[in-house]
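The sequence and structure are shown first.

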Amino acid sequence: MPQNEKKSTLLRQWEMMRMLTVSRCDSKQGGHWDKASDITTKLNEAGYSVSVRTVQRDLKELSEIFPIELNDKNARDYGWRWIKGANLNIPGMSVSEALAMRLVEMHLQQLLPTAMLEGLNGVFGQAKTKLDDLEKHNNNHSKDWLDKVRVVQPAQPLLPPSINQDIQSDIYCAVLENRQLLASYNAAGSKEAKEYELHPLGIIMRGSLSYLAASAWDYPDVRLYALHRFSKVTILDSAAKTPNGFNLDKAIANGLADFAYQGEPIQLEIRCEEWVAAYLAETPLSADQTAQEEADGWIRLTATVNDTWQLRWWLLGQGAGIEVCAPTTLQAEIKSALVSAANIYN
């Protein structure tokens, strides 16, 4: 048998063994069995051109080496599975695992601690080799998915700021190990860096920017600190303190990542042109959003939203397509900002 054909067969058999169910039964009378026909379908979907007869032959040979059992009650379509308690330490990785690891390498590297990334380099290389081999020997097009999927931001593209990699690594380490940080941080609008004692609580990626969610000193409020604004960090021995009741997902839902103002959500009321209303009908501002058409053709919308900077940026971005009606304080803010902007062009 040619070398390439042997390699292709081995890859297919590894994939096949990964597809088999592990039995939870002490006898052959019960439990789930994997039919050779179902395994054949899965293999063909993964890019392996193979027949049921070939799968049956492979499984029979593999069962003589590995703890795989056969249910031969249905002679037309045998069932196969790993015996109960089988150790599934199968070399290699599946097609889906290889594809997932390549996507992680492409899109999520900046979210992983350096120590973890270094440990994954071998896995990334294995994933690339797996997809390359499948494409070369089995005409498998799974690798093409990497060229056909992209993540884009629904806003003006901005280049990410430069982040000191050593500082980023230390911050990630402090988050992972739940330890306090002594940091020099230059807040937005400030000319000089100030020293902070921070309690790291999580990392948030927002567009091209990465933020550390943390509380400072003994204050309970949680704020965001842009990673590129740190000029120095020192990991302390003291454990980081988590404010009572803090949950990162809940904090994000309440507007933390959109720079929320303190307090309860607001009842937003706007009048907007039809094109804005059509967009918001497809992607509502909130689950309780309501719409009512007015006599002049405009649409009046109400929605419960977090009171955030992001909300103001979005309202201002709609220009003359939106009129803010309530709350009156927000209406005054938006009106003032638009008047000031118009005066620049006078």
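## Basis of the model

The model is predicted; local features need pLDDT of at least 70, side-chain atom pairs count only at pLDDT 80 or more, and totals for chains, interfaces and linings use all residues. Residues are numbered from 1 along each chain as its sequence is written, and side-chain values use heavy atoms, with hydrogens and water left out.

## Second largest pocket

The second largest pocket has a volume of about 160 Å³. A pocket is an open set of points on a 1 Å grid over the protein atoms alone, where a 1.4 Å probe fits, with protein on both sides within 12 Å along at least five of seven lines; lining residues have an atom within 4 Å of a point. The volume is the space filled by probe spheres set on the points, which are joined across faces, edges and corners.

Its lining includes Leu315, Gly319, Glu323, Lys335 and Val339. Helix H10 (309-317), strand E12 (322-326) and helix H11 (328-344) each give two or more residues, and H11 gives the most, with 5 residues.

Asp307 is placed in the loop between strand E11 (299-305) and H10. Asp307 counts as buried because its relative accessibility is 17% (buried means under 20% relative accessible area, with a 1.4 Å probe and protein chains only).

Leu134 belongs to helix H5 (residues 114-138) and counts as buried at 1% relative accessibility. Helices (H or I, at least four residues) and strands (E, at least two) are DSSP runs, numbered from the N terminus.

Methods:
Buried means under 20% relative accessible area, exposed over 50%, partly exposed in between (1.4 Å probe, protein chains only).
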